[in-house]
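This briefing is meant for a reader who is meeting the structure for the first time. Please keep the sequence and the model at hand while reading the notes that follow.

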Amino acid sequence: PPGFVESSCHSRIFWMKLNKLLLQGKFFQLEINDPYAGPVLLDEKLASRCGYVLSEDVWGNPVFRASVLGCHVVNEADELFSLTVNIKVSSFSSMRAAVTYTYPMYCSYSSWASREIVCEENYMEVSVKTDVPAVSNDYTVAWMSALPETQNVAYQLWQLMFVSPSGRKRITVSDATKLGYSFNNTLSRVYLRAPYHSNESDISVVSGVNMNMVTSTSMYRQRWLLLLIDTTVSCPVDGISFTDTTLTWTVPSVIPTLVVQESTFLSKNILMGVDDRVVVSPEEKNYLLEHNETHIRVTVPIGAEGGKLKSSISGGVYGVIYSIDLFLEHTWTDADWQTTKYTVIKSITTPFMPQIPTVTNNTLPEERLFNVAFGHFLPDVSLVAIAIGNVPFTLREAQHHGFKIYETLFPNRTKGFILEVSFDDPYVLKEYVNRNETKYTLLINYTMSVGPEMTLYYHSAEVECVVADIELPEAVGYCDEENLYLAIPTFGLHQYWNLYLGNKLLNRHVALTNGYLAATNSTHLILQIPLFAVGVIYEEVSFQKIKARFDVSLRKVRTMETLEMFSVRCSFHSSAFIICHPDGTITISAQMKTVPAIDMSKTKLRDSSCKPREYNEGHAFFKFHVTTCGTSVRFEGDHIIYENEISYEKETLPGQSIPIITRDPDYRLTVLCYYRAKETVVLGAFASDPSTSPPFGSGTMVPRSNTAVYRRVRQALNVVSRVSKDESFMEFYKPNMAILKRPVEPVFLEVELKDESPDTELYLENCWVTRSLDFNSTPRWNITVDG
């Protein structure tokens with residue numbers, strides 16, 4: 001069929017190529033038409049012996065090459081050559097019902113060199129003119145060593161003598177054929193074709209390149225004529241090296257076994273070619289052909305024109321393999337040979353080169369659209385499926401869902417795949433980050449079909465984009481006469497943020513427990529906080545006013561990071577109050593309505609030295625610490641309770657006439673401050689600033705009438721107490737001895753009951769220190785309260 005076969009003749013090589021597209025799904029065989037014996041099936045053994053090569057080019061097209069000196073070639077005067085090939089094509093591997101296409105090839109070649117050597121993929125061939133010049137003097141000894149062998153050369157019969165490390169071997173041409181060699185003569189030439197790595201061959205290293213060498217002499221005797229022809233041949237078997245970007249093919253410039261007198265060597269011409277075509281200007285195709293006294297070197301960039309890059313998978317890794325079919329033709333002269341033409345044909349394939357695909361994030365946040373490029377791939381790779389967020393889609397399903405997928409071409413003849421996915425797609429992961437940003441994460445799993453084998457390759461990628469698309473709420477604060485208010489937008493609450501009061505989550509239960517009122521409408525949460533509720537911070541407390549603040553922190557749900565502090569701050573006027581500060585400071589505005597009015601300047605706490613700081617006719621203002629002014633402490637459940645009393649000193653009031661009227665001196669106002677036992681009250685020199693610390697105490701004032709006065713009944717017991725100098729209780733201070741202790745130092749007190757009554761037990765409930773022996777004397781300093 002048209003376009004099925006393409007042929008050429010270059011450097012005495014028949015070159016035929018079959019179109020693989022017309023062979024898809026078919027099987028084929030080649031037969032060589034012998035002009036005398038008919039068709040001969042081409043197999044591997046026949047090919048190497050007869051000068052044939054059957055392989056594929058880098059594009060996968062079957063390639064057939066044949067030497068013009070091949071076994072079944074018709075030779076006309078060593079100038080015109082013809083070879084007919086039968087191409088049998090069948091749909092069955094058994095080749096039944098095959099269709100045969102007969103294809104004749106012709107080659108004209110007359111510019112024979114004195115010696116021509118061809119190094120093919122599967123054979124080495126040397127052909128020599130029979131009118132070779134006389135043997136040079138320098139080489140006489142080597143030739144003369146063969147003379148004893150020539151005495152036994154049969155009359156009018158070619159024989160071969162091989163010289164190898166194992167010694168000399170003289171055989172007939174027919175025996176040589178059985179060993180895989182082919183020897184024959186034409187009108188003006190003799191030639192020897194040898195397989196690589198035969199028993200008679202040897203490996204030698206020339207300029208770093210391994211050379212396979214067959215040293216042989218062809219001998220012919222007729223009457224008085226003894227013809228000895230050197231048919232030695234040597235071909236490179238390696239010389240290939242690779243980098244990440246290039247391949248290099250090295251061939252020795254001078255091969256000692258082929259050039260005996262190296263001083264007479266002269267290089268005449270060097271050509272390189274790709275496939276069956278000579279490259280006239282290698283530099284135009286980015287090839288580099290260079291040579292010196294020892295080497296000829298061809299350097300080809302990976303992916304250069306003339307070769308083929310092929311995708312491949314190795315161990316689950318994507319990579320490429322580059323192949324190119326090169327040939328090198330070197331012509332030289334030396335004293336022993338007029339001209340030698342040395343041709344090497346080499347098919348080169350790089351090892352697997354990993355090419356990890358890259359994922360490029362071209363996303364534009366303002367468009368709220370992921371744009372992800374995946375590449376670079378050769379044209380033999382296609383995208384067959386995709387998974388977004390571990391949900392698989394065929395390409396059709398992906399397009400139907402709303403994903404956009406399309407190919408893009410790159411300048412270096414590679415391609416990539418573009419994927420577009422909306423930020424708002426349900427399969428995109430969304431996470432609130434930083435203050436007002438959302439991190440959108442696109443998880444992708446690509447499934448690719450690679451190469452003509454359609455091997456599946458999988459690659460996962462994760463693409464992130466952070467966008468400032470969340471607006472932090474802004475709270476509004478205001479007050480009335482008795483309450484503080486905070487109005488906070490409800491958008492994002494419990495989704496991104498939570499409200500915290502100190503370190504406690506401000507939920508409905510906490511709000512109710514602390515006495516807050518919480519109401520919501522369509523847009524806001526409104527908190528009502530009474531002035532004296534837990535959590536109110538008193539920045540300034542004076543006789544005239546209270547400056548109060550209430551803080552709520554806005555924290556991230558997951559990390560607890562504080563983003564904003566919502567505060568409302570107001571000033572209030574209040575005639576009576578008690579405020580228990582977190583540092584243990586107590587401020588009291590006490591109101592005593594008596595008839596007649598009393599002098600508020602004469603009110604006091606338990607410690608009579610603790611007088612009001614400010615006062616007027618009906619109010620007294622006290623400020624003291626829980627460790628002073630005779631304050632006692634006790635525990636009730638999960639609370640610590642500090643207690644003191646405001647009292648009025650005894651006074652005598654004049655009446656209109658005798659007798660005089662006496663005011664009851666035991667009128668008291670009990671002051672109580674409640675703190676949670678799990679919290680910490682900072683005492684003494686380490687007191688914190690009450691304006692910056694969140695309050696957690698609550699206080700009450702309980703007035704007591706004269707009929708409800710509690711009187712302590714004393715019972716005399718035989719009790720002895722001593723103060724130890726340390727915790728060992730081995731050495732004690734002497735009685736009536738002054739003991740100096742810093743506020744933070746411990747006191748080691750021993751109390752012993754001497755009463756011998758068995759029904760008597762000692763419980764140490766309240767223990768304090770005073771300046772006198774009076775039971776009710778003040779001030780006093782508590783050591784233990786309620787045991």
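**Backbone points and overall picture**

With a relative accessibility of 12%, M95 counts as buried, because buried means under 20% relative accessible area. The phi angle of M95 is near 65°, which is a positive value in a residue other than glycine, and M95 belongs to the loop that runs between β8 and β9 (99–108). The model is a predicted one, and the points below are grouped by topic.

**The chain as a whole**

- The protein chain has six helices and 62 strands, and 44% of its 787 residues count as buried.
- The accessible surface of the protein chain amounts to about 41500 Å², and 52% of that surface belongs to carbon and sulfur atoms.
- Among contacts in the protein chain with a separation of 6 or more, 60% are made by residues 24 or more positions apart.

**Other backbone features**

- A77, although not a glycine, has a positive phi of about 60°, and A77 sits in the loop between β7 (74–76) and β8 (80–90).
- Is A77 buried or exposed? A77 counts as exposed, because its relative accessibility is 51% and the cut-off for exposed is over 50%.
- G375 and H376 are joined by a cis peptide bond, with omega at about 0°, and H376 is part of strand β31, which covers residues 369–377.

**Nonpolar cores**

- In soluble globular proteins, nonpolar side chains tend to be buried together.
- The largest nonpolar core has 84 residues, of which Y342, F370, L419, I444, Y446 and M448 touch the most other members.
- Strand β27 (residues 317–333) gives the most to this core, contributing seven residues.
- Why does this core lie between domain 2 and domain 3? Domain 2 (116–134 + 156–349) and domain 3 (356–467) both give residues to the core, so the core lies between them.
- Another core, of 37 residues, lies apart from that one, and its members include I470, L506, V536 and C570.

**T441 and its surroundings**

- T441 is located in strand β37 (residues 437–450), and T441 counts as buried because its relative accessibility is 8%.
- Once neighbours within four places in sequence are left aside, T441 is in contact with F370, V428, L429, E462, V463 and E464; F370 is also one of the residues that touch the most other members of the largest nonpolar core.
- T441 and V463 are 22 residues apart in sequence, and their C-alpha atoms are 5.7 Å apart in space.

**Salt bridges**

- How many salt bridges does the structure hold? The structure holds 30 salt bridges, and the pairs described here are among them.
- One of these salt bridges is formed by the side chains of K285 and E305, at 3.4 Å from N to O.
- The pair links distant parts of the chain that are 20 residues apart, with K285 in the loop between β23 (277–278) and β24 (288–291) and E305 in the loop between β25 (295–301) and β26 (308–314).
- K285 counts as partly exposed at 32% relative accessibility, and E305 is also partly exposed, with a relative accessible area of 49%.
- The side chains of E643 and R634 meet in a salt bridge at 2.5 Å, N to O; E643 is buried, with a relative accessible area of 10%, whereas R634 is partly exposed, with a relative accessible area of 21%.
- The side chains of K725 and E731 form a further salt bridge at 3.0 Å, N to O, in which K725 counts as partly exposed at 37% relative accessibility and E731 counts as partly exposed at 45%.
- Salt bridges that share partners also join R12, E116, E125 and R193 into one network.

- V384, L456 and Y458 make a nonpolar surface patch of about 290 Å².

Note on methods:
Residues are numbered from 1 along each chain as its sequence is written. This is a predicted model: local features need pLDDT of at least 70, side-chain atom pairs count only at pLDDT 80 or more; totals for chains, interfaces and linings use all residues. Side-chain values use heavy atoms; hydrogens and water are left out. Patches are made of residues with over 30% relative accessible area and no salt bridge: like charges are joined within 9 Å, nonpolar side chains (Val, Leu, Ile, Met, Phe, Trp, Tyr) within 5 Å. Accessible areas come from the Shrake-Rupley method with a 1.4 Å probe; for residues, only the protein chains shown count as cover. A salt bridge is a side-chain nitrogen of Lys or Arg within 4 Å of a carboxyl oxygen of Asp or Glu. Helices (H or I, at least four residues) and strands (E, at least two) are DSSP runs, numbered from the N terminus. Buried means under 20% relative accessible area, exposed over 50%, partly exposed in between (1.4 Å probe, protein chains only). Contact means heavy atoms within 4.5 Å. A nonpolar core is a set of buried Ala, Val, Leu, Ile, Met, Phe, Trp, Tyr and Cys residues joined through side-chain atoms within 4.5 Å. Domain bounds come from an automatic or database domain assignment.
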